[in-house]
Every structure is written in C-alpha cells, then in structure tokens.
Amino acid sequence: MKRAIGVALASALAAGGWLAWRWVAGGFRLSGTVLVSHRYQKRLETPNMVMFVAAANSGGVPVAVKKFVNPALPLDWKMGPEDMILPGRDWDGILTVRVTVNSHGKVGEVRPGDLLGEHRHPVRSGDRSVDVVIDSEAP
C-alpha cells in the first residue's frame, strides 16, 4: 500500500513538474516543410546558403526564428520554445510564417536576390503542416 501511494505521489509530482516546465518554457510549437519551386532549385545548391524560417506576429515582428545552413530541400522543420526571441513566454496569437534564403547570413535583412516564401494562411502555435514554398526573389 505504501509503495502504491509512493508511486502515485511520484507520478503526480512528475506530472506537476511537466506542467510547471510548460508554464516556464512555454508551449510554443510549429512545424511544417519547406519546399522550393523548380525555378530556384539550382540557386539553393550554391554553397554557404542560409535559410531562416521566421514566425512573426500580426505587426510583422518576429516571435521565433529557426536557422538552417546549406539546407537540402524539401526540409521538415520544427519550432519550439527554444526558438523564441523571448524565451520562457508562450504565444497564442496569430502568426505569419516566412522563409528567407540568402548567402549573407543576416536574419531580417532582405537584399536583392534573396529567395523568399510565405505560408499562405495565418497560423497559431501548435499548428502542423505549416508548409512554405520558396517561390519568389527579392527585387
């Protein structure tokens, strides 16, 4: 009986610890796949390309960013609390997911020739299948 109570107490503490961790770390999650249109496929095979997947709020301010060096597409990606600009916070608002590929490696700075893509619909934390097609070039 004491063992059963001990196991139940340990399980409850573990579950409580997990919930506390989610409260501290946030439950932010997004995932999807980045694809590229045939037109830009060769450009992505150039060495030293950097791809950024950014989730921005309705004002266009990035909430989370994930960086990939020399990405091989199609690429499955996931974002979690560790990718948030302000760690330890959750996000429950509308987001726009954009992808930028460049050779200068600077996030947020779009230069002529950088490759771009955007998920066609607004998303929320927890959404999956947030697929983005790289289908345009910055003028």
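Where is Asn57 found? Asn57 sits in the loop between strand S2 (50-56) and strand S3 (62-69). Helices (H or I, at least four residues) and strands (E, at least two) are DSSP runs, numbered from the N terminus.

Some ground rules. This is a predicted model, with residues numbered from 1 along each chain as its sequence is written, and local features need pLDDT of at least 70, while side-chain atom pairs count only at pLDDT 80 or more and totals for chains, interfaces and linings use all residues. Side-chain values use heavy atoms, leaving out hydrogens and water.

Back to Asn57. A polar atom of its side chain lies 2.9 Å from the backbone nitrogen of Gly59. Leaving aside neighbours within four places in sequence, Asn57 is in contact (heavy atoms within 4.5 Å) with Val63, Trp91, Ile94 and Leu95.

Now the core. The largest nonpolar core has 27 residues. Such a core is a set of buried Ala, Val, Leu, Ile, Met, Phe, Trp, Tyr and Cys residues joined through side-chain atoms within 4.5 Å. Buried means under 20% relative accessible area, exposed over 50%, partly exposed in between (1.4 Å probe, protein chains only). Those with the most contacts inside the core are Leu30, Met51, Val53, Trp77, Val97 and Ile134. Two or more residues come from each of strand S1 (30-36), S2, S3, strand S4 (75-79), strand S5 (96-102) and strand S7 (132-137). Take Trp77. Not counting residues up to four places away in sequence, Trp77 touches Leu30, Ser31, Gly32, Thr33, Val34, Val53, Phe68, Val97 and Val130.

Next, the backbone. Most residues other than glycine have a negative phi, and most peptide bonds are trans. Look at the loop between S3 and S4, which holds Pro74. The peptide bond from Leu73 to Pro74 is cis, with omega near 5°. Asn70 is in the loop between S3 and S4 too. Its phi is positive, near 50°. Asn70 is partly exposed, at 40% relative accessible area. Asn48 lies in the loop between helix H2 (41-44) and S2. Asn48 also has a positive phi, about 65°. Is Asn48 buried or exposed? Asn48 is exposed, at 56% relative accessibility.

Last, confidence. pLDDT is the predictor's confidence in each residue, from 0 to 100. The chain's mean is 86, and 81% of its residues reach 70 or more. Where pLDDT is low, the predicted coordinates should not be read in detail.

Notes
A polar contact is a pair of N or O atoms within 3.5 Å; within protein, one must be able to donate a hydrogen and the other to accept it, and residues adjacent in sequence count only if both atoms are side-chain atoms.
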